[in-house]
Amino acid sequence: MNTGKVVIGALAGLAAGALAGILFAPEKGSETRKQIKDKSNDFLDNLKSKLDELLDSVTEQFESTKNDAEYLAANGKEKYDDVKRDLKNAAANLKNDVAKDINHVTS
């Protein structure tokens with residue numbers, strides 16, 4: 001199960017329980033409304049904090065993956081350029097060797 005969903009579910013359950021407790025408490029309506037408002041604000045602050053943590057974690061993971069991809073791309077290009085250069089050199093050497101052999105045979 002997704003951790004984010006579990007956290008949100010737990011927070012929603014906590015808020016529902018707190019709300020039910022306040023509604024059944026023997027207090028004046030104005031005091032009950034104030035408590036509901038306070039609990040709602042606490043819940044929203046807590047939820048915002050959890051969402052900020054999740055966003056920070058996702059951002060950090062994205063940056064790490066992006067950096068890894070850039071590193072691999074740079075190294076891959078470098079390796080490609082090395083192999084390409086080696087193949088060109090080998091082809092030039094082979095061409096020179098063949099030309100020498102042909103000149104040697106025809107001379």
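This is a predicted model: local features need pLDDT of at least 70, side-chain atom pairs count only at pLDDT 80 or more; totals for chains, interfaces and linings use all residues.

Colleague: How many helices and how many strands does the chain have?

Modeller: Helices (H or I, at least four residues) and strands (E, at least two) are taken as DSSP runs, numbered from the N terminus. Helix α1 covers residues 3-23, and helix α2 covers residues 29-106. The count for the chain is 2 helices and 0 strands.

Colleague: What radius of gyration does the chain have, beside that of a compact globule of 107 residues?

Modeller: The radius is taken over C-alpha atoms, and the globule rule is 2.2 Å times the number of residues to the power 0.38. The C-alpha trace spans about 115 × 20 × 10 Å along its principal axes. A compact globule of 107 residues would have a radius near 13 Å, whereas the chain has 35 Å.

Colleague: What percentage of the residues of the chain count as buried?

Modeller: Buried means under 20% relative accessible area, exposed over 50%, and partly exposed in between (1.4 Å probe, protein chains only). The chain exposes about 9,100 Å², of which carbon and sulfur atoms supply 61%; these areas come from the Shrake-Rupley method with a 1.4 Å probe, and for residues only the protein chains shown count as cover. Of the 107 residues, the buried part is 3%.

Colleague: Is leucine 11 buried or exposed?

Modeller: Leucine 11 belongs to helix α1. Because its relative accessibility is 9%, leucine 11 counts as buried.

Colleague: How far apart are the centres of the positive and negative side chains?

Modeller: Lys and Arg count as positive and Asp and Glu as negative, while His and the chain ends are not counted. The place of a charge is NZ of Lys, CZ of Arg, CG of Asp or CD of Glu. With 16 positive and 18 negative side chains, the two centres lie 4 Å apart.

Colleague: Which residue forms a salt bridge with aspartate 38?

Modeller: Side chains of opposite charge can pair when their charged atoms come close. A salt bridge here is a side-chain nitrogen of Lys or Arg within 4 Å of a carboxyl oxygen of Asp or Glu, and the structure holds 4 of them. With the closest N and O atoms 3.0 Å apart, the partner is lysine 34.

Colleague: What is the N to O distance in the salt bridge of aspartate 81 and lysine 77?

Modeller: These two residues are 4 apart in helix α2, so about one helical turn separates them. Aspartate 81 is partly exposed at 30% relative accessible area, whereas lysine 77 is exposed at 51%. Their side chains meet with an N to O distance of 3.3 Å.

Colleague: Which residues make the nonpolar surface patch of about 350 Å²?

Modeller: Patches are made of residues with over 30% relative accessible area and no salt bridge; like charges are joined within 9 Å, and nonpolar side chains (Val, Leu, Ile, Met, Phe, Trp, Tyr) within 5 Å. One of the members, leucine 23, is found in helix α1. The patch is made by Leu19, Leu23 and Phe24.

Colleague: What distance separates the C-alpha atoms of glycine 76 and valine 7?

Modeller: Glycine 76 is placed in helix α2 and counts as partly exposed at 38% relative accessibility. Glycine 76 and valine 7 are 69 residues apart along the chain, and their C-alpha atoms are separated by 41 Å.

Note on methods. Residues are numbered from 1 along each chain as its sequence is written. Side-chain values use heavy atoms; hydrogens and water are left out.
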